[in-house]
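Trainee: I would like to learn how to read a ligand site. Can you take me through one?

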Amino acid sequence: MKLFDYFRSSAAYRVRIALNLKNVAPERASVHLRRGAQRADDYLAMNPQGLVPALVTDGGDVLTQSLAIIEWLEESYPKPALLPGDAAGRARVRSLALAIACDIHPLNNLRVLNYLTGTLGVTDEQRDGWARYWCDVGLEALETRLAREPATGAFCHGGAPTIADICLVPQLSNARRVDLDLAPYPTLLRIESACVALPAFANAAPAKQPDAE
Ligand SMILES: N[C@@H](CCC(=O)N[C@@H](CS)C(=O)NCC(=O)O)C(=O)O
């Protein structure tokens, strides 16, 4: 297997955590997003979206979209489970994960931020304010949910990490990169501490990757 990755990509960070939790160690290729390697012809031939991550499976399939890759891993390597055993629990975990992956992360993606400055001509300060604003709006709702919903445990859902935690930890890392004050989110920070105490999360951190700068 081969993972097309970039140390700073939070979507790839999700897949790195899931791979570690499943004890699967693919070969790794770094796609340098800041240098535009995601738009090189050979990469676009494989993934026309020009985004990381992409995973080439041992069967030769090219999988894209972090959550689709993680669900494939879950089906291919069921232990440890990253989704709860009950349908309502799975819906809750997916809802938390999608609140991050669909409603926070895309607004802060590199190509969106580049469009703001390069095409719309906003200043760097305005761009950073945009990134902070949408991250804050999304994390505030997550904090409210996780603080009040009884299914929250040491992790987002009960006592073991799920796909929700796999999305949360990279998003908090992104939030720090844009200098968002995380003090209003004690539940998120408590869950993050539980996650990063696990080697699977700690070893997936951007700073631990071989292409880290
Ligand atoms: N929904 C996609 C998002 C993938 C994505 O946006 N990846 C970012 C890095 S986190 C990327 O490749 N950005 C390149 C660009 O914006 O040009 C997923 O979950 O895999």
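Trainee: How far is a polar side-chain atom of Asn-109 from an oxygen atom of the ligand?

Mentor: First, a caution: this is a predicted model, where local features need pLDDT of at least 70, side-chain atom pairs count only at pLDDT 80 or more, and totals for chains, interfaces and linings use all residues. Residues are numbered from 1 along each chain as its sequence is written, and side-chain values use heavy atoms, with hydrogens and water left out. Now the idea: a polar contact is a pair of N or O atoms within 3.5 Å; within protein, one must be able to donate a hydrogen and the other to accept it, and residues adjacent in sequence count only if both atoms are side-chain atoms. Here, the distance for Asn-109 is 2.6 Å.

Trainee: Which polar backbone atom is 2.8 Å from an oxygen atom of the ligand?

Mentor: One that belongs to Arg-111. Gln-38 uses a polar side-chain atom, 2.8 Å from a ligand oxygen.

Trainee: How much of the accessible area of the ligand does the protein cover?

Mentor: Accessible areas come from the Shrake-Rupley method with a 1.4 Å probe; for residues, only the protein chains shown count as cover. On its own, the ligand has 520 Å², and the protein covers 91% of that.

Trainee: How many residues surround the ligand?

Mentor: A residue is near a molecule if one of its heavy atoms lies within 4 Å of it. The ligand has 16 around it, and the closest are Gln-38, Val-52, Gln-65, Ser-66 and Asn-109.

Trainee: How do the residues of that shell divide?

Mentor: Ala, Val, Leu, Ile, Met, Phe, Trp, Tyr, Cys and Pro count as nonpolar, Asp, Glu, Lys and Arg as charged, and the others, Gly among them, as polar. The shell has six nonpolar, seven polar and three charged residues.

Trainee: Which element supplies the largest share of the shell?

Mentor: Helices (H or I, at least four residues) and strands (E, at least two) are DSSP runs, numbered from the N terminus. The largest share, three residues, comes from α1. Both α1 (10-22) and α5 (110-118) supply at least two.

Trainee: What is the volume of the largest pocket?

Mentor: Grid points are joined across faces, edges and corners, and a volume is the space filled by probe spheres set on the points. For the largest pocket that is about 980 Å³. Its lining has 40 residues; nearest the centre lie His-105, Asn-108, Asn-109, Leu-110 and Arg-111. α5 gives the largest share of this lining, five residues.

Trainee: Where is Pro-53 found, and what kind of peptide bond joins Val-52 to it?

Mentor: Most peptide bonds are trans. The bond between Val-52 and Pro-53 is cis, with omega about 10 degrees. Pro-53 is in the loop between α2 (41-46) and β3 (54-56). The bond from Lys-79 to Pro-80 is also cis, with omega near -5 degrees.

Terms used: 1 Å grid on protein atoms, 1.4 Å probe; cavity = no way out; pocket = protein on both sides within 12 Å on 5 of 7 lines; lining within 4 Å.
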